[in-house]
Amino acid sequence: MNEQKNTKKSIRRKNIKAGSYTVIMAVILLAALIVINLIVNALPSKFTKLDSSPSKMYTLSETTEKYISGLSEDITLWFICPGGQEDTQLSAFLSRYSELSPHLTLRVADPIADPDFISKYTDSQPSEYSVIVESARRSKVVDYGDMYYYYNSQYGKISASEYQMYAAYGISAEPYFDGDSQLTSAVEYVTAEKLPTLYTLTGHGEAELSETLSYYFGSSGFEATSLNIALDDADIPDDCSCIFIYAPTLDLTASELDKLTAYV
């Protein structure tokens, strides 16, 4: 009888030890998971949120990384997400982008919760998931529709909205993400001490600016203004950063060439 009691006590002690060991290991494992989670959360998103797109089109360029890392003034990126619902892929990209500089802050703006938010920055209505880039000097809207485009060798650059029409006719095009350069151009715009002004020469049968040229000038932060130096009293303005002469059909006069030479 005593032998049976001793055996039961021995088994009970072993079970208690095994149970204690299991509890201790569970606590250690839980602590390890917490530590790992803290480490992962502390890592930059470029290590934790990888670019999963087939062509790596959300990967930041070296030019952007170099420029943004050298910022010296504070910039806020307002990610417009109605109802707080974010575009997952773009959100991951913006996280990586904002981590390039301690002067960049990424914030989510909900125009449903704050209907007057967008009107503080623009009179137009940007698409959802657009980004407003703001500095102490000024702000600029980077529309979601301008961050994506398609390219077809026959038709060239196609906007995201136009692609739906082309696709209906069986025309294929490669998708591209231009958010990298769009955002960086916007950052350059809002941090510029003096905004560049582009003057397009007129009065010589110049061609109209194409939609593509107007788009690139605008995305580069240029404010385009026409300039007719054929007029006797039309001097080249002091704020002129660049003169664009686009396919004139008439010759410039000697007086006009003198003005251009003096400007150069």
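# A tour of the sheets, cores and helices

Start by selecting strand E1, residues 75-80, together with E2: the two run parallel and are joined by six bridges. Within this pair, Thr76 faces Thr105 of E2. The model on screen is a predicted one.

**The four-stranded sheet**

Now extend the selection to the whole sheet. It is open, has four strands in the order E2-E1-E3-E4, and its pairing is mixed. Strand E2 (104-109) and strand E4 (139-142) are the edge strands, each pairing on one side only. From one strand to the next, the twist averages 20°. As background, strands of a sheet pair through backbone hydrogen bonds, and they do this either parallel or antiparallel.

**The whole chain**

Zoom out for a moment. The protein chain has nine helices and ten strands. It holds 264 residues, of which 32% count as buried. Take the contacts between residues at least 6 apart in sequence: 73% of them join residues at least 24 apart.

**The largest nonpolar core**

Next, select Leu90, Phe93, Tyr97, Val131, Val133 and Leu183. These are the residues with the most contacts inside the largest nonpolar core, which has 25 residues. Which elements each supply at least two residues of this core? They are E1, helix H4 (88-98), strand E3 (131-134) and H7. H7 gives the largest share, five residues.

Stay with Leu90 and show what surrounds it. Beyond its neighbours within four places in sequence, Leu90 is in contact with Phe79, Tyr129, Tyr144, Met147, Tyr148 and Phe177. Another core lies apart from the largest one; it has eight residues, including Tyr199, Leu227, Cys240 and Ile243.

**Thr191 in helix H7**

Select helix H7, residues 179-191, and pick out Thr191 in it. Is Thr191 buried or exposed? Its relative accessibility is 12%, so Thr191 counts as buried, since the cut-off for buried is under 20%.

The side chain of Thr191 reaches the backbone oxygen of Val187 at 2.7 Å. A polar atom of the Thr191 side chain also lies 3.3 Å from the backbone oxygen of Glu188. An α-helix has 3.6 residues a turn, so residues three or four places apart point the same way. With neighbours within four places in sequence left aside, the contacts of Thr191 are Tyr67, Glu73, Ile75, Ser135, Arg137 and Arg138.

**Tyr166 in helix H6**

Move to helix H6, residues 160-168, and select Tyr166. Which residues does Tyr166 touch, not counting those up to four places away in sequence? Tyr166 touches Tyr155, Ile158 and Ile171. Tyr155 is eleven residues from Tyr166 along the chain, and their C-alpha atoms are separated by 9.7 Å.

**The three-stranded sheet**

Select E8, E9 and E10. These three strands form an open sheet in the order E9-E8-E10, with parallel pairing. Strand E9 (223-227) and E10 stand at the edges with a single partner strand each, so one side of each has no neighbour in the sheet. On average, neighbouring strands here are turned by 30° against each other, direction ignored.

Now look at strand E8, residues 197-201, which runs parallel to E9 and is joined to it by five bridges. Leu201 stands opposite Leu227 in E9. How many of the five residues of E8 are buried? Five of five are, and E8 is mostly covered. Both of its faces are covered: Thr197, Tyr199 and Leu201 are buried on one side, Leu198 and Thr200 on the other.

**Helix H9**

Last, select helix H9, residues 254-263, where Glu256, Lys259 and Leu260 are buried. Look down the helix axis: the buried residues of H9 fall within an arc of 95°, so they line one face of the helix. Strand E10 (240-244) is included in what covers these buried residues. Turn to the face of H9 pointing away from the buried side, and the exposed residues Ala254, Asp258, Thr261 and Ala262 come into view.

Technical notes: Residues numbered from 1 in each chain as written. Predicted model: local features only at pLDDT ≥ 70, side-chain atom pairs only at ≥ 80, totals over all residues. Heavy atoms only, no water. Buried < 20%, exposed > 50% of the residue type's maximum accessible area, 1.4 Å probe, protein only. Arc of directions from axis to C-beta. Contact = heavy atoms within 4.5 Å. Polar contact = N/O pair within 3.5 Å; in protein donor to acceptor, adjacent residues only side chain to side chain. Pairing = 2+ DSSP bridges. Axes fitted to C-alpha atoms, helices over the stretch in contact; angles between N-to-C directions. Core = buried A, V, L, I, M, F, W, Y, C linked by side-chain atoms within 4.5 Å.
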